[in-house]
Amino acid sequence: MENSKRSFYNAILTEHNLYPAHKHDLPEATMEKDGVNPSCGDVIRLKLEIENGIIVNGSFVGDGCAISQASADIMLDLIIGKSLEEAERLSQSFLRMIRGEASQEEIGSLEEAGALTDVAHMPARVKCAVLGWHTLQQMLHDAHG
């Protein structure tokens, strides 16, 4: 990874890890789902407030490494204000990016989450980066039965 890209990646992760905008309780949540990364013990509880198919608010609580916590915060930045269908599409794009299968256009649509593209080259960190995204997908799948 080139130095400017690495420093951008580190700055985004550091900012979201130290000052997460969405790490708090959300009593008005209409959907909740626990996510666990058994390989390292990271845990989150993802909470979304849905109105008319739109994610109007979201939060997470839990403990884990910087990557899992920052990735969950970045994900919430991206999906709040979006429809459930758009959140599903973005989560699929994120997971394709982590597998190295996403187009540049898809990565661009992920905004700051695109900074995590290089996690694909760090196998030990992949499960950390995808914890929040997998939890979101499981929540959406559960909601649609």
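This is a short tour of the structure, stop by stop, for you to follow in your viewer.

Before you click: the model is predicted, so local features need pLDDT of at least 70 and side-chain atom pairs count only at pLDDT 80 or more, while totals for chains, interfaces and linings use all residues. Residues are numbered from 1 along each chain as its sequence is written, and side-chain values use heavy atoms, with hydrogens and water left out.

**Stop 1**

Select β1 (31-37), then β2 (42-51) and β3 (54-63). Strands here are DSSP runs of E with at least two residues, helices are runs of H or I with at least four, and both are numbered from the N terminus. You are looking at 3 strands in an open, antiparallel sheet, in the order β1-β2-β3. Two strands count as paired if DSSP finds at least two bridges between them. β1 and β3 are the edge strands, each with a single partner, so one side of each has no neighbour in the sheet. From one strand to the next, the twist averages 20°.

Now zoom in on β2 and β3, which are joined by 9 antiparallel bridges. Pick Leu-48 and look across: Gly-58 in β3 stands opposite.

**Stop 2: two loop residues**

Go to Asn-52, in the loop between β2 and β3. Most residues other than glycine have a negative phi. Asn-52 is not a glycine, yet its phi is positive, about 55°. Is Asn-52 buried or exposed? Asn-52 is exposed, at 83% relative accessible area. (Buried means under 20%, exposed over 50%, and partly exposed in between, using a 1.4 Å probe and protein chains only.)

Next, select Glu-111, in the loop between α4 (104-109) and α5 (123-143). Glu-111 also has a positive phi, about 50°, and is exposed at 55%.

**Stop 3: the helices**

Show α2 (residues 66-79), which lies across β2 and β3 and runs at about 170° to β3. Axes are lines fitted to C-alpha atoms, for helices over the stretch in contact, with angles from 0 to 180 degrees between N-to-C directions.

Finish on α5, with 21 residues. Its first and last C-alpha are 30 Å apart, close to the expected 30 Å, which is 1.5 Å times one less than the number of residues. Where does α5 bend? Find Leu-131, where the bend is about 50°, taken between axes fitted to the seven residues ending there and the seven starting there.

Among the buried residues of α5 are Cys-128, Trp-133 and Met-139. Their cover includes β1, β2, α2 and α3 (84-98); contact means heavy atoms within 4.5 Å.
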